[in-house]
Protein chains: 2
Amino acid sequence: MSRHPIQIKLSEGKKEKPDPTTLVFGRNFTDHMFVADFDEGRGWHSHRIVPYAPVTLDPASIVLHYGQTVFEGMKAYKSDDGSVRLFRPEENMKRMNMSLDRLCMPRINEEQALHALTQLIQIEKDWIPTTWGTSLYIRPFVIANEAFLGVAPAKKYQFYIILSPVGSYYKEGIHPIRILVENEFVRAVKGGTGGAKTAGNYASGLKAQQVADQKGYSQVMWLDGVERKYVEEVGSMNIFFKINGEVITPAINGSILEGITRKSILQLLRHWNIPVFERKISIDEIKEAYENGVLEEVFGTGTAAVISPVGELNWDGYKMIVNDNMTGPLAKQLFDTLSNIQNGKEMDPFGWVLQLNNEIAKLA
Amino acid sequence: MSRHPIQIKLSEGKKEKPDPTTLVFGRNFTDHMFVADFDEGRGWHSHRIVPYAPVTLDPASIVLHYGQTVFEGMKAYKSDDGSVRLFRPEENMKRMNMSLDRLCMPRINEEQALHALTQLIQIEKDWIPTTWGTSLYIRPFVIANEAFLGVAPAKKYQFYIILSPVGSYYKEGIHPIRILVENEFVRAVKGGTGGAKTAGNYASGLKAQQVADQKGYSQVMWLDGVERKYVEEVGSMNIFFKINGEVITPAINGSILEGITRKSILQLLRHWNIPVFERKISIDEIKEAYENGVLEEVFGTGTAAVISPVGELNWDGYKMIVNDNMTGPLAKQLFDTLSNIQNGKEMDPFGWVLQLNNEIAKLA
């Protein structure tokens, strides 16, 4: 498949870059963005890198009414030698196509999208912060921009990639977070869109999150929508439990998002010969493990936070304090290893890292 | 509560109005729209009627990524004497606030919103088509327009009202539609957002709809996400069954949208002393009624189509032909009565209709 040419229009001015020591998540955006258009019958066209600017949408655009949109999240890192690294970006593009399928939206060309991303990052490479814990967050997304109030897949779409220099997702950093087990609200159910990275899954989680906030908890732990007993995710992360020397994470079941960090952690654990299982795990089993003193560690995993240790689980008022509310050794080892591989401080035995300098050299 | 003033800026040109005899649903929009802004700490402000124009959104706007948006749908009719009528608009504004609550979005002032709508329709009254079956579709919606990639309720929103002259929602008109009972996909589940009028519910239904289309069916019938046996909705309508002289519609349970047409039909049926029940109804019960020859009528209800008779239900290849695939007498009577009340051709014994001429006179 031949590659679409990318038109490049550079911005006239440049924004001031934020102080890397006080960076927050998702508030600052770089000078440029990538955009492509889709029209039924013509396919994807007009691939371009342009100055970061507002999206203009007809008020009747399908995305605003019926939520036809999917997104991805990944990070670029600059290592000490100045080289730029992406972590498994091909996995994100692959998942984006799965999400697009679920939402009846047109697939992107993954290789073309990676090429566009590489070009965009090359232009914006001065925006990649280098302070430890910071990175350039990458947000590809596709929206339905046809003006039509009927409930039907759109015939027009736009694909964007925007970039945001970020600090840690959680203000607390790698410190353990407090989690409320959610009994009332449900994030997603089998047969729904929970396995896709699409807007509605996040909108539906806000209310539970708000209630948890008010009670002093950072995130909720989602239980399945059918039996209301099996653990699904925590906030917008996947979740791992270390019980009596074994690591367990809920199996992919159609309502859980298949995280790329989750996948990488499974691979790392297997590489280290630590017993790890993808299976159903009920909140009762977790309580029982806690009561037996074998609930050793709990942690969330995701692109934004990488690893987020859980210090407390509150299930209907029953509080389980995990590892004395301290970051466990396994969570720390995983965080360090993954962060070091991502930052180029440690060898990458899995071929996960895409070094952009090589990539850019190849394109030149 | 004092009313916010509405600034009015009229458009310089006027669009050509579409031919009322070939009107489709949701493709044409009038010359003006209503907009108001919300900022945390300041509340709703800058209420204005302005020329219909694109929405400009930062690419990182929360609505595009996390689906924080709700909408409503209602219709304005022009009767033979030129008076303009709205059907229970206060119910839509009330439901909009319920949806806003569920999505952690700020409530609107219902009275203020109705006032804005009245003003907008007064300006656009020449856009209301008068051919039988046509009307002016009204789409109020609120979107989160804060630029932030964190999953949290936004601090900035916009409230829009746009208007669209429409013909019948279904090209087939009042003719019976063919329905596929959905076994794989789920629209919503208790604890989710199914009871709110929000984007994610519609996005999640597209895939099933696409599969049904390919098989030659107009809509799907949704079963509950837990037991996969109780009927919830059909497409984006509520559903009614007439079995052995009794009318049954699924009870509101947290995952079904509480339709205003549904509510009105329940009231009409009770007024006519027709036995009607809001309760759980399983697909097995429907099949049994069909086999016993007592499945007399099936019809969907909603603002767009008013009444949509169902001529065929296909459950896993088992086909139930309802009322010889013809519009049943009850569906017809309900459609005629409701349409006549809405259009001012029949007396409104329930106080459902808001006559805008009186309303506008009061405001002057």
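What rotation, and what shift along its axis, superposes chain B on chain A? In this predicted model, the rotation is 180° and the shift along the axis is 0.0 Å, with an RMSD of 0.0 Å for the superposition, and that is the relation of a two-fold axis. If you want to find the axis from the side of chain B, look at B:Gly200, whose C-alpha, at 1.9 Å, comes closest to it among the residues of that chain.

Let me turn to the interface. On each side 60 residues are in contact, 60 of chain B with 60 of chain A, and because 100% of the interface residues of chain B are also interface residues in chain A, the copies meet through the same surface. Between them the two chains bury about 5100 Å², of which 64% lies on carbon and sulfur atoms; in chain B, the residues that lose the most area to chain A are B:Leu64, B:Leu149 and B:Leu206, which together account for 13% of what that side buries.

As for the polar side of the picture, 22 residue pairs are in polar contact between chain B and chain A, counting pairs with both residues at pLDDT 80 or more, and the rule finds 2 salt bridges across the interface, including one in which the side chains of A:Arg27 and B:Glu146 meet at 2.8 Å, N to O. Helix H4 of chain B, residues 199-214, gives the most to the side that touches chain A, with 8 residues, and that side as a whole divides into 35 nonpolar, 15 polar and 10 charged residues.

Finally, the strands: E4 of chain A, residues 55-57, pairs with E4 of chain B in the antiparallel sense over 3 bridges, and A:Leu57 has B:Val55 as its bridge partner there.

Methods. Residues numbered from 1 in each chain as written. Chains lettered and ligands numbered in written order. Predicted model: local features only at pLDDT ≥ 70, side-chain atom pairs only at ≥ 80, totals over all residues. Heavy atoms only, no water. Least-squares fit on C-alpha atoms with pLDDT ≥ 70 in both. Contact = heavy atoms within 4.5 Å. Buried area = accessible area lost by both parts, 1.4 Å probe. Salt bridge = Lys/Arg side-chain N within 4 Å of Asp/Glu carboxyl O. Polar contact = N/O pair within 3.5 Å; in protein donor to acceptor, adjacent residues only side chain to side chain. Helix = DSSP H or I, 4+ residues; strand = E, 2+ residues; numbered from the N terminus. Nonpolar A, V, L, I, M, F, W, Y, C, P; charged D, E, K, R; others polar. Pairing = 2+ DSSP bridges.
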